[in-house]
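Here's a quick tour for anyone meeting this protein for the first time. Have a look at the structure, then read on.

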Amino acid sequence: MSKDLRIALDAMGGDQAPEMIIQGVDIALERSPDLKIILVGDKALILSLLKTTKRLKKHLPEIIHTKKAIADEDKPSVALRQGQGSSMRLAIDLVGNDKADCVVSAGNTGALMALSKKVLRLMPGIDRPAIAGFFPTKRGESVMLDLGANIACDAKNLVQFSIMGQIFVRTVLGLKRPVVGILNVGIEGQKGNTCVREAAATLQRMTNMPFEFYGFVEGDDIPAGTVDVVVTDGFSGNIALKTAEGTSELISQFLRDAFHNSLLSKIGYLLARSAVGQLRQRIDPRRYNGAMVLGLNGIAVKSHGSTDALGFANAIGVAADMKRYRFLEKVREELTNNGLDLPAEQSKVVATA
């Protein structure tokens, strides 16, 4: 990895910040010691926490001081008006000013979307950003977008999400020709609203594409891994995400209850402990933490607010991979090649509050 891969972190965002952030960075540096970390938050508090780490206390990261943080309950409009000087805004500004390559935050999702869009601007040819995240499936992993950035979308948005999503999958998972499907209430061509039908028709007309368009998929196709990229609006995507997370926790709870039900079940757990451990690891939401905000002229990654240090380290890893494998450049190239008449480059512009 390049030694100048710089990652700005909102050290005050998240349910357990900044402790969880600092410990997550320590894990991330164990995996990728060449990362340059920039922490944005309360400097005195951060320095006191660094003493408890293994790696950071020996190689102190750059710290940009601010005690101001955006609250979880703040509306995006409030974050736009009053977020100047906050840890999230300053971290995003570092990317906008080309002083960092990526930004990662576990803070307010709506605020991150609004501020990132304002500071980093939309990529040329993209009308709306989308949040893309990983899902465990029977075949491995798939990606779904949008996970909550846009409650309502039109056909053009879904087509753009499809293009960005398959580039994301090729970049992160290394698939040469991913399969893309649009989430619908049925697989038949006449099913669904006008938006999904028009988007499907557009994708079917596209030729010489580096991905295969499967058509429509249903909810049970998501865990089945029928396609590599599931495209939908943010309303349906967010419901699917929260349902999957809740189901994972429910399964874990059922397992705990079952193996503590009797002496015989406890003995059974001892015999099946290895298999149970593999199952828990497979469905562990921390493994899939780190949702990429696609469509921006910069790399922004949203970590789950309630994750722990391991989950946050995985989010840092997603951001690093996006820079390492030139994700932004690939999106621009592919949008241009798809006949959308887009400029090849667009300078980052930092908007003032």
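Helix axes here are lines fitted to C-alpha atoms over the stretch in contact, and angles run from 0 to 180 degrees between N-to-C directions. Helices (H or I, at least four residues) and strands (E, at least two) are DSSP runs, numbered from the N terminus. This is a predicted model, where local features need pLDDT of at least 70 and side-chain atom pairs count only at pLDDT 80 or more, while totals for chains, interfaces and linings use all residues. Residues are numbered from 1 along each chain as its sequence is written, and side-chain values use heavy atoms, with hydrogens and water left out.

Of its 353 residues, 50% are buried (under 20% relative accessible area, with a 1.4 Å probe and protein chains only).

| Helix pair | Angle | Axis distance |
|---|---|---|
| α1 (residues 19-31) and α11 (residues 309-324) | about 55° | 7 Å apart |
| α4 (residues 87-96) and α5 (residues 109-120) | roughly 35° | within 10 Å |

The α4 and α5 crossing is right-handed, a label used when the near helix is turned clockwise from the far one by less than a right angle. Contact means heavy atoms within 4.5 Å. Among the residues making it are Met88, Ile92 and Val95 of α4, along with Leu112, Leu115 and Val119 of α5. By class, this contact divides into eight nonpolar, two polar and three charged residues (Ala, Val, Leu, Ile, Met, Phe, Trp, Tyr, Cys and Pro count as nonpolar, Asp, Glu, Lys and Arg as charged, and the others, Gly among them, as polar).

α1 also passes α11 in a right-handed crossing. Residues of α1 including Ile21, Val25 and Ala28 meet residues of α11, among them Leu310, Phe312 and Ile316. That contact has ten nonpolar, three polar and one charged residues.

Now for the inside. A nonpolar core is a set of buried Ala, Val, Leu, Ile, Met, Phe, Trp, Tyr and Cys residues joined through side-chain atoms within 4.5 Å. Which residues touch the most other members of the largest one? Of its 67 residues, they are Ile7, Leu9, Val25, Leu39, Phe168, Ile182 and Phe327. Helix α6 (residues 155-172) gives the largest share, nine residues. Phe168 touches, among others, Phe134, Leu294 and Phe327. A second, separate core has 35 residues, including Val119 and Val230.

Phe327 is also one of the buried residues in helix α12 (residues 327-337), together with Leu328 and Val331 among others. What covers the buried residues of α12 includes α6, β10 (291-294), β11 (299-302) and α11.

Terms used:
Lists of a residue's contacts leave out its neighbours within four places in sequence.
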